[in-house]
Amino acid sequence: MGLLDKKYHDSNIIIVSLESALNWARKSSLWYEQFGLACCAIEMMATAASDYDFDRFGIIPRSSPRQADVMIVAGTVTMKMASRIERLYEQMSEPRYVISMGSCSNSGGPYWEHGYHVLKGVDKVIPVDVYVPGCPPRPEALLEGFLKLQERISNETIIEPRETEQESTEEEKEPIEVE
Ligand code: SF4
């Protein structure tokens with residue numbers, strides 16, 4: 001017997017805007033593109049395992065970019081991988097989001113100075129919505145990154161704006177940094 005049992009059996013009406021309902025559905029079913037580039041990927045896998053349980057947020061892995069809503073760039077982005085990441089991103093359908101996980105993906109990390117083979121930030125090839133700092137970030141930090149992304153999705157305008165409002169809604173999204 002749950003807490004809500006028989007609480008709403010008479011008139012169960014909820015009034016909410018269509019946009020809020022759609023955004024709630026979108027933020028509650030974020031499917032992420034499943035791949036890892038280096039050590040940060042181990043923490044990403046730990047976040048999906050039973051202790052942290054990504055699934056309870058509706059966050060589940062997909063092996064095809066065509067069915068994914070969000071890409072987690074987890075690890076070192078080498079020059080060789082950069083073009084592959086870009087291609088995978090382009091194969092994702094809109095609206096699509098990117099979480100940059102860890103120092104390597106954010107800025108080149110320990111390879112910042114001498115890593116001639118490492119891209120100094122994945123945002124040089126694809127737009128990033130949330131930066132998660134750390135080397136590697138703990139699972140809690142990645143979860144926090146997803147909560148920030150969910151917040152962003154909740155506040156998004158998805159209904160076509162009227163012409164007069166167009167300019168203000170076309171403002172560029174600022175990336176979020178997890179503290
Ligand atoms: S940020 Fe640190 S843990 Fe993550 S991929 Fe780079 S070196 Fe590895």
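Student: Which residue in β4 does Ile72 stand opposite?
Tutor: Ile72 stands opposite Ile99. Keep in mind that this is a predicted model.

Student: How many bridges join β3 to β4?
Tutor: Five, and the two strands run parallel. Strand β4 covers residues 97-101, and β3 covers residues 70-74.

Student: And what about β1, how many bridges join that strand to β3?
Tutor: Two bridges join them, again with parallel strands. Tyr32 has Val70 as its bridge partner in β3.

Student: Is β3 mostly covered or open?
Tutor: Mostly covered, with five of its five residues buried. Val70, Ile72 and Ala74 point one way, while Met71 and Val73 point the other way.

Student: Which helix makes a β-α-β unit with β3 and β4?
Tutor: Helix α3, residues 79-91, and the unit is right-handed.

Student: New topic. Which residues surround the ligand?
Tutor: Among them are Cys39, Cys40, Cys104 and Cys135, along with Gly75 and Thr76. Pro110 and Pro136 are also part of the surroundings.

Student: How many charged residues are in that shell?
Tutor: None; the shell has seven nonpolar and four polar residues.

Student: Zooming out, how many helices and strands does the protein chain have?
Tutor: Six helices and six strands. From the N terminus, their order is α-β-α-β-β-α-β-α-β-α-α-β.

Student: What percentage of the chain's residues are buried?
Tutor: Buried residues account for 37% of the 179 residues. The protein chain exposes about 11,400 Å², with 52% of that supplied by carbon and sulfur atoms.

Key: Residues numbered from 1 in each chain as written. Predicted model: local features only at pLDDT ≥ 70, side-chain atom pairs only at ≥ 80, totals over all residues. Heavy atoms only, no water. Buried < 20%, exposed > 50% of the residue type's maximum accessible area, 1.4 Å probe, protein only. Helix = DSSP H or I, 4+ residues; strand = E, 2+ residues; numbered from the N terminus. Pairing = 2+ DSSP bridges. Right-handed = clockwise from strand over helix to strand, strands pointing away. Near = heavy atom within 4 Å. Nonpolar A, V, L, I, M, F, W, Y, C, P; charged D, E, K, R; others polar. Areas by Shrake-Rupley, 256 points an atom, 1.4 Å probe, with all protein chains shown as cover.
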